[in-house]
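Q: I am new to this structure and would like to learn how to read its features one at a time. Could we look at it together?

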Amino acid sequence: MNKLLMIILILFTGHLIAQEDNQEELNELINEWHKAASEADYGTYFGILADDGVFIGTDASENWQNEDFRAFSKPYFDRGKAWSFTTIERNIYVDKSGNFAWFDELLDTRMEICRGSGVLSKENGKWRIKHYVLSITIPNEDVDQVSTLKKEKDSLFMLNKKLR
């Protein structure tokens, strides 16, 4: 019985260490991704985003599939600085297989504090960002004011979507 308990303990400990290793690796990768944008390193930035990756921006119209996001972003990278996100805090979760992960983060940006969230998968032994969402945070007590501010543009956006 003690042997069985020891084997279970060893397997469980190994699993926890693997999870921590994955989280550390993913944290470094996400930091590298943000750094690549701030340094206008187009190759590194889009090398971390999966070929079928999606970037959802803060504007309702920004649902960027990889190729469209590359085209949109290229002029910013060509100017020498795309955007700069500094991590305030980040939570990373890895599934039991160790091949799928998701995260959320608070970021210091030119838009003040934003929230990012993403999904990663391991492709051929390499982690890639499959989906990323950037949102501007709004203090709860300011939601009515912000809703009023964006009401006209949101109405036009909805009308345009219904006409399609």
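Predicted model: local features only at pLDDT ≥ 70, side-chain atom pairs only at ≥ 80, totals over all residues.

Q: What does helix H3 span, and what should it span at 1.5 Å a residue?

A: The 13 residues of H3 (residues 66-78) should span 18 Å at 1.5 Å a residue, and the end C-alpha atoms are 18 Å apart, so the two values agree. Just after H3, Gly 80 has a positive phi of about 105 degrees.

Q: Which residues in H3 are buried?

A: The general idea is that an α-helix has 3.6 residues a turn, so residues three or four places apart point the same way. In H3, the buried residues are Asn 66, Phe 69, Arg 70, Ser 73 and Phe 77.

Q: How many helices and strands are in the chain, and how do its elements run from the N terminus on?

A: The chain contains four helices and six strands, and from the N terminus on the elements follow the pattern α-α-β-β-α-β-β-β-β-α. Of the 164 residues of the chain, 31% count as buried. Taking the contacts between residues at least 6 apart in sequence, 47% join residues at least 24 apart.

Q: How many salt bridges does the structure hold, and are Arg 90 and Glu 105 buried or exposed?

A: The general idea is that side chains of opposite charge can pair when their charged atoms come close. The structure holds nine salt bridges, and one of them joins the side chains of Arg 90 and Glu 105, at 2.7 Å from N to O. This pair links distant parts of the chain, with Arg 90 in strand S3 (residues 86-94) and Glu 105 in strand S4, 15 residues apart. Both Arg 90 and Glu 105 are buried.

Q: Which residues are linked in a network of salt bridges?

A: The network links Asp 51, Asp 52, Glu 123, Arg 128 and Lys 130. Within it, the side chains of Glu 123 and Lys 130 meet at 3.1 Å from N to O. Glu 123 is partly exposed, with a relative accessible area of 22%, and Lys 130, at 22% relative accessibility, also counts as partly exposed.

Q: Which residues make the nonpolar surface patch?

A: Tyr 93, Phe 100 and Trp 102 make this patch, which has an area of about 280 Å². Phe 100 lies in strand S4 (residues 100-109) and counts as partly exposed because its relative accessibility is 36%. For the chain as a whole, the accessible surface comes to about 10900 Å², of which 55% belongs to carbon and sulfur atoms.

Definitions and conventions: Residues numbered from 1 in each chain as written. Heavy atoms only, no water. Helix = DSSP H or I, 4+ residues; strand = E, 2+ residues; numbered from the N terminus. Buried < 20%, exposed > 50% of the residue type's maximum accessible area, 1.4 Å probe, protein only. Contact = heavy atoms within 4.5 Å. Areas by Shrake-Rupley, 256 points an atom, 1.4 Å probe, with all protein chains shown as cover. Patch = residues over 30% accessible without salt bridge, like charges linked within 9 Å, V, L, I, M, F, W, Y side chains within 5 Å. Salt bridge = Lys/Arg side-chain N within 4 Å of Asp/Glu carboxyl O. Expected span 1.5 Å × (residues − 1).
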